[in-house]
Every structure is written in structure tokens, then in C-alpha cells.
Amino acid sequence: MGLSLRHEVLSLALRDPFRIARTDHSEDAGTRITTVVVELRHTDEPGLVGVGEGYPDRFYGETPETMAAVMPLLLERVAAVPFEPTRRYLTMASLATGSAIRGHGAAKCAVDIALHDLVGRFLGLPVHVILEMPAEAPPTDFTLGLDEPAVVAERARRAGDFPALKIKCGGPADLATLRAVRDVYAGPIRVDANTGWTRADALALLPELVDLGVELIEQPFPARAYRDLGWLQERSSLPIVADESAVATEDLDALVGVVAGVNVKLAKCGGIGPAKHMLERARELGFRTFLGCMEETSVGIAASAVVASLAEWVDLDGNLLLAEDPFEGLELGVDKRWRLADRPGLGLSRRVT
């Protein structure tokens with residue numbers, strides 16, 4: 001008896017060009033994404049397949065190749081935990097992958113999501129029911145990448161039915177872009193600089209951001225620039241939210257008293273179980289909580305939606321950025337809240353083309 005895992009590297013086109021301050025200059029940068037989908041089977045029920053996803057981000061040292069190298073090790077550690085389709089087993093399996101190797105959040109995420117989906121299919125229950133998580137969660141915002149101000153404004157106009165917009169910044173036209181967006185969109189604006197600002201940039205922009213009604217500022221400075229983050233938070237009436245500085249639960253203590261909020265992502269911290277733990281710990285420490293995503297398929301977004309009720313702000317739009325999502329079964333309500341399926345596991349299936 002045991003578990004078997006196969007993985008598939010997907011190269012998917014984006015609906016619109018999507019660039020951030022850290023986007024490289026490769027040929028496909030900003031127009032295509034690469035993600036890794038896995039299928040997990042147990043020998044007792046080979047007809048049941050758990051599906052998972054991990055988004056390899058080079059910023060965190062991950063590629064499809066590193067994921068392929070690490071996932072067998074993770075599976076060995078999980079296989080050492082006696083399998084049982086229970087919530088306790090999922091907790092023990094998450095601990096096993098977490099202790100197997102440091103970092104490698106995307107590889108851990110793919111295995112962890114697949115385990116949750118597989119256990120849900122064994123039990124015939126949705127994952128959120130197994131974890132006793134509420135089905136209701138905050139609505140998602142919609143993210144717009146770096147581009148010419150007029151282009152970003154047009155995309156903002158098209159996304160005007162979302163309750164909030166997240167605008168990527170970190171370029172020379174940040175203020176012009178935000179003003180152009182505000183001209184066509186009246187709702188909350190969330191600014192994400194993806195480590196692209198200096199202190200001088202932030203100080204010059206801060207009063208303008210307040211005047212424009214910006215709701216929060218995400219990761220303005222490099223990942224470990226704690227002094228800079230704290231310096232800005234002291235001067236800002238807007239919450240500063242750590243993203244690249246808040247990869248896993250063990251990063252939270254260093255951010256206490258530095259920033260107001262943290263952005264938790266399954267692909268950074270290692271999946272559903274670790275994200276649930278990180279969000280709960282962040283709330284215990286007094287942080288405002290943001291649940292984010294990568295440019296993932298519905299697998300990663302559905303898994304994130306399981307723990308979305310623990311977040312104050314939700315940015316789960318990765319699958320909406322794709323030209324075509326290879327999975328189906330996840331539904332977005334007219335209120336822009338993800339509808340958690342009442343089907344077993346994550347309730348998804350591969351789209352037939």
C-alpha cells in the first residue's frame with residue numbers, strides 16, 4: 001500500500017500582458033506562466049485522484065525542475081505517516097512535508113493540496129467541510145499589472161464590477177497610473193510595489209496615495225528590509241502589508257511592530273494546512289491578514305478559497321488572468337466571492353477540450 005504521484009508542467013497564456021516590478025525580460029515574461037499540476041493516488045483506491053498545484057517562482061528559488069526533484073522526498077515523508085482519510089492525518093502529513101526540507105513552498109503546496117483533495121474524495125466531502133472552515137469568505141479583488149497608464153486605466157474600467165482593484169506599481173509611472181485608474185474606478189485601490197520602491201519613492205508617493213483613497217501598500221521595499229518597512233509604517237496612515245517578507249509562519253515574529261499586515265500565499269508557505277496555520281498565527285499576533293495567490297489555475301485558487309474566511313483582504317484572481325483555465329468547477333459569484341463546491345475534495349475536474 002502507498003501513494004504515487006505524477007506531475008505535469010503547464011505553460012499557459014495570459015489573457016492580458018501581466019508584469020510586475022520583478023518581471024524578468026525573457027521572451028514569454030508577462031505573457032505566459034508556468035505552473036506545475038500533480039495527481040496523487042493511493043493504492044487502496046487507485047480510481048480516486050487528488051489534484052494539486054504549485055507555482056514555481058524563481059524569486060523564491062523554485063523552478064519546475066526543483067519541484068520535480070523535491071516532491072519525491074516529500075512523498076516519502078508523507079508515506080511514512082499511516083494513511084487515514086481524516087483531518088488529523090492531513091495535519092500530520094503537512095507536518096511531515098514541512099519538516100522534510102526548508103523552503104520549497106511550491107513543491108510542498110502541490111503535494112499538500114493533492115492530499116487534501118484526495119482525502120476529500122475518499123470521504124465524499126468537500127475539503128472545507130473536513131477542515132471545519134466556513135463556506136463564506138470576503139470577495140476577491142482583481143489585479144492589474146504594470147503597463148502604460150492609459151492601458152491600465154482601460155483594464156480597470158473593464159474590471160469595474162470588482163469590489164477592489166490591486167494595482168501593480170514599482171515603475172516610473174506609478175502616480176500617473178494610479179490617477180488614471182482613479183478617474184475610471186471609484187472603489188478601493190490596493191497598491192503592490194513588489195519590492196520596487198526606495199524610501200524616497202515611498203515618501204514622495206505617500207500623501208498622493210492617501211489623497212487617491214488607496215487602501216493599503218504591499219511590499220514597497222526588498223524582502224528583508226525590516227528597518228525600511230518599519231520606517232514607512234511609522235509615517236503611513238495606510239497599512240503596510242508584507243508579502244515577499246512573509247513567506248512562512250516562522251517569518252511572522254520578525255514583522256511584529258514592523259508592518260500592519262501580512263500576505264499569505266499557499267505557494268509560498270506550502271499549501272492549505274500551512275496557510276491555515278499561518279493565517280491563524282498572524283491573527284494571534286495582531287496582524288491584518290491578506291490572502292493572495294500566484295497566476296494559478298483553479299486548483300490553486302480553489303485550495304486558497306478553503307482558508308479565505310481567515311483573511312480580511314482577499315486577492316484570489318490568478319485563474320481569472322489566464323486566457324484559458326484547464327480546470328473547471330470553481331464558480332465566482334456576482335458578488336465576486338468564490339463559491340466553495342459541495343462536491344468531494346476541491347470539486348474540480350479537468351476541462352475537456
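## The sheet

How many strands form the open sheet, and in what order? In this predicted model, 8 strands make up the open sheet, running 4-5-6-7-8-9-10-11, and the pairing is parallel. The edges belong to strand 4 (142-144) and strand 11, and each has a single partner strand, so one side of each is left without a neighbour in the sheet.

Strand 8 (residues 240-242) pairs with strand 9 in the parallel sense over 2 bridges, and here Ala242 has Val262 of strand 9 as its bridge partner. Strand 9 (residues 261-264) then pairs with strand 10 (residues 288-291), again in the parallel sense, over 4 bridges.

## Salt bridges across the chain

The model has 30 salt bridges by the rule used here. One of them joins Lys336 to Asp161, with the closest N and O atoms 3.0 Å apart. Lys336 sits in the loop between strand 13 (331-332) and strand 14 (338-339), while Asp161 sits in the loop between helix 5 (149-158) and strand 5 (165-168), so this pair ties together parts that are 175 residues apart in sequence. Lys336 has a relative accessible area of 11%, so this lysine counts as buried.

Lys166 and Glu218 form another salt bridge, and their closest N and O atoms are 2.9 Å apart. This pair also links distant parts of the chain: Lys166 belongs to strand 5 and Glu218 to strand 7 (residues 214-218), 52 residues apart. Are the two partners buried or exposed? Lys166 is buried, at 1% relative accessible area, and Glu218 is buried too, at 0%. Lys166 and Glu218 are also part of a network of salt bridges that links them with Lys168, Asp192 and Asp315.

## A salt bridge within a helix

For a pair within one helix, look at helix 11 (residues 272-284). The side chains of Glu284 and Arg281 meet there in a salt bridge, 3.1 Å from N to O. The two are 3 residues apart in the helix, which means they are separated by about one helical turn. Glu284 counts as exposed, with 61% relative accessibility, whereas Arg281 counts as partly exposed at 29%.

## The nonpolar core

In soluble globular proteins, nonpolar side chains tend to be buried together. In this model the largest nonpolar core has 112 residues. Which of its members touch the most others? Those are Leu165 and Trp197. As for where the core comes from, helix 3 (residues 105-123) supplies the largest share, 10 residues.

Methods: Residues numbered from 1 in each chain as written. Predicted model: local features only at pLDDT ≥ 70, side-chain atom pairs only at ≥ 80, totals over all residues. Heavy atoms only, no water. Pairing = 2+ DSSP bridges. Salt bridge = Lys/Arg side-chain N within 4 Å of Asp/Glu carboxyl O. Buried < 20%, exposed > 50% of the residue type's maximum accessible area, 1.4 Å probe, protein only. Core = buried A, V, L, I, M, F, W, Y, C linked by side-chain atoms within 4.5 Å.
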